[in-house]
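Please keep the sequence and the structure in view while reading.

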Amino acid sequence: MSSSQDLSVEQCIAFKMMLDIRFFDAGDGPAPVLTLPSLLAQELAEFGPCGVILFRENLDSVGQCQQLTAELRDCLGPEVLIGVDQEGGRVTRLPRQETTSFSGNMAVAACPVNEQDELAQGVGAAQAAELLALGININFVPSLDVNSNPRNPVIGARAFGDTPAQVGRLGGELVKGLQSGGVAAAVKHFPGHGDTSQDSHVDLPCVTRSLEQAHAVDLAPFVQVIAEADPAMVMTAHIQYPALDASCIPGTDVIRPATLSRTMMTDLLRVRMGFTGVIITDALDMQAISAMLTPAEAILGCFKAGVDIALMPLLVRSGQSFGQLREALAMIADAVRTGDLDEKELRASVDRILALQQKFTGLEPGADANAVIACQSHLALEKRLAEASLTLLWGQLNTLDANAVVHLLMPGDESAGAMKAALLSASPSLRVSWQSLESFDPATERELLANADLYLVGVSEPAVSAVALGGAEDLPHLPDHSPASVQKALLSQTQNVQKVVVMLNSPYRAREFEPLADSVLATYDGATIGFGGRPGPAYEALAKALCGQMGAVGEVPVTLPADSI
């Protein structure tokens with residue numbers, strides 16, 4: 001199709017949705033969608049969304065990813081939008097053992113200043129090459145949130161930092177690298193999710209900045225990146241921002257979240273900031289929205305606000321899900337016919353999505369696609385980023401003797417195994433023992449520490465969030481406590497051994513460990529597995545530093561709070 005005029009109103013509405021197909025019940029119970037079941041393929045083709053978003057459960061191997069995206073093109077057309085959250089660091093969807101796994105945004109910002117722009121653009125270009133080789137043409141990156149609240153449970157190290165200029169500069173470079181490689185960028189989370197202390201997967205956060213602060217801090221990176229890098233897409237935030245729009249959802253006293261605000265989506269983003277690309281919601285099944293509105297109400301609300309694509313309006317998990325989608329579609333079509341939703345705006349929105357499809361048509365993977373994925377230059381860039389971002393926050397590192405005894409206390413068995421393997425790779429004669437907080441025994445810890453030369457404690461804060469795992473449906477499976485108190489107690493009780501603490505993801509709680517350790521480092525990336533099953537790149541960099549094979553040259557790109565968070 002070349003124009004919205006080729007579509008009925010109902011087809012336009014369906015086209016303005018992007019669905020997730022993480023799991024589907026084709027008759028034998030819910031299962032990860034690794035190949036397209038015939039029932040799902042039939043329903044997708046009949047409904048006609050503009051695209052789909054894939055999750056880790058959909059992406060098991062390079063060959064399987066290529067086959068699935070080819071099936072989606074056969075089903076929905078060669079220009080279908082296929083998106084993914086491949087941020088790097090904690091939010092990574094591609095199979096780590098077969099692709100390049102970059103540390104996230106905060107790691108880029110921690111590197112030496114004269115390397116940051118090159119690294120940001122290089123990461124974007126490498127991501128584009130690998131995603132296109134897999135048949136994926138949208139990456140929902142980068143986060144342009146200015147993480148000014150250390151207690152932010154959902155952004156944290158996903159942000160470049162806490163200064164608008166740095167976030168805008170590095171975000172723009174990553175967008176340039178990604179889009180020059182043929183993959184659309186979706187900058188997020190507009191108008192800025194950085195000054196929140198709640199997770200919009202669970203709650204409806206509220207930003208209480210003044211209008212002046214909003215423009216100086218949260219909006220500034222979006223203004224800069226839109227002007228300088230021309231991102232294809234902007235993703236909304238499910239947050240309240242009264243300084244930008246204090247109106248309430250009709251019939252309630254609930255301040256309108258940005259996703260449903262015409263003042264923010266149209267008057268601010270479109271008119272004042274001049275954004276002409278595609279606006280997409282964050283997932284509408286998140287509780288910030290779904291706890292208040294039905295799927296039909298949420299879709300209609302975001303369309304009336306001026307949003308182009310409703311992302312994940314409801315969980316598509318069986319054929320019945322498409323019945324619910326059609327019910328929502330019928331209600332929204334009635335709104336068009338009564339004038340509650342402007343048909344001219346609806347069709348202009350569809351035309352924007354069609355233009356996006358034309359510009360970023362995903363390529364069918366070619367015979368040489370595997371030569372692009374995890375190629376030598378990409379893995380070298382992955383290693384360079386991990387090493388250049390490693391930060392010694394305070395204290396000093398004493399090089400381990402070749403035969404030193406090292407005891408590890410890590411957040412989980414996987415992180416303990418990765419750290420041990422990385423240390424032995426760097427110095428095979430080390431003697432390394434470990435425990436993890438998943439299977440911890442105090443008596444064993446005392447016994448193992450008795451003869452240790454180094455006590456290495458890995459801290460993974462904050463706890464894993466829904467966005468790291470995939471989506472709102474993961475909420476019942478999330479851990480309900482922080483292990484930091486356990487680690488601090490153990491460190492305070494341990495004497496006569498060198499103590500090193502490593503902040504594996506967020507650095508924000510680092511000062512709490514300062515009086516308890518001889519040195520504290522930050523890696524900004526706790527991913528345990530790298531290409532070929534090796535330890536994650538941050539673990540390998542850390543091991544090399546501990547063994548005196550490299551320095552820790554990074555600088556923390558955020559202000560660390562002086563007290564406990």
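In this predicted model, helix H15 (residues 376-389) packs with helix H20 (residues 537-546) at an angle of about 55 degrees, the two axes lying 8 Å apart. The crossing in which H15 passes H20 is right-handed. On the side of H15 the contact is formed by Glu382, Lys383, Ala386 and Glu387, and on the side of H20 by Pro537, Ala538, Ala541 and Lys544. Sorted by class, this contact of H15 with H20 comprises four nonpolar and four charged residues, with no polar ones.

Leaving aside residues up to four places away in sequence, Ala232 touches Gln179, Ala184, Ala185, Phe275, Gly277, Val278, Leu356 and Phe360. Val207, by contrast, is 25 residues from Ala232 in sequence and 26 Å from it in space, C-alpha to C-alpha.

The protein as a whole contains 20 helices and 16 strands. Its C-alpha trace spans about 75 × 55 × 45 Å along the principal axes. For 565 residues a compact globule would have a radius of gyration near 24 Å, and the value of 24 Å for the protein therefore agrees. Of these 565 residues, 61% count as buried. Among contacts between residues at least 6 apart in sequence, 78% join residues at least 24 apart.

Methods: Residues numbered from 1 in each chain as written. Predicted model: local features only at pLDDT ≥ 70, side-chain atom pairs only at ≥ 80, totals over all residues. Heavy atoms only, no water. Contact = heavy atoms within 4.5 Å. Axes fitted to C-alpha atoms, helices over the stretch in contact; angles between N-to-C directions. Helix = DSSP H or I, 4+ residues; strand = E, 2+ residues; numbered from the N terminus. Left-handed = near helix turned anticlockwise from the far one by under 90°. Nonpolar A, V, L, I, M, F, W, Y, C, P; charged D, E, K, R; others polar. Rg over C-alpha atoms; globule rule 2.2 N^0.38 Å. Buried < 20%, exposed > 50% of the residue type's maximum accessible area, 1.4 Å probe, protein only.
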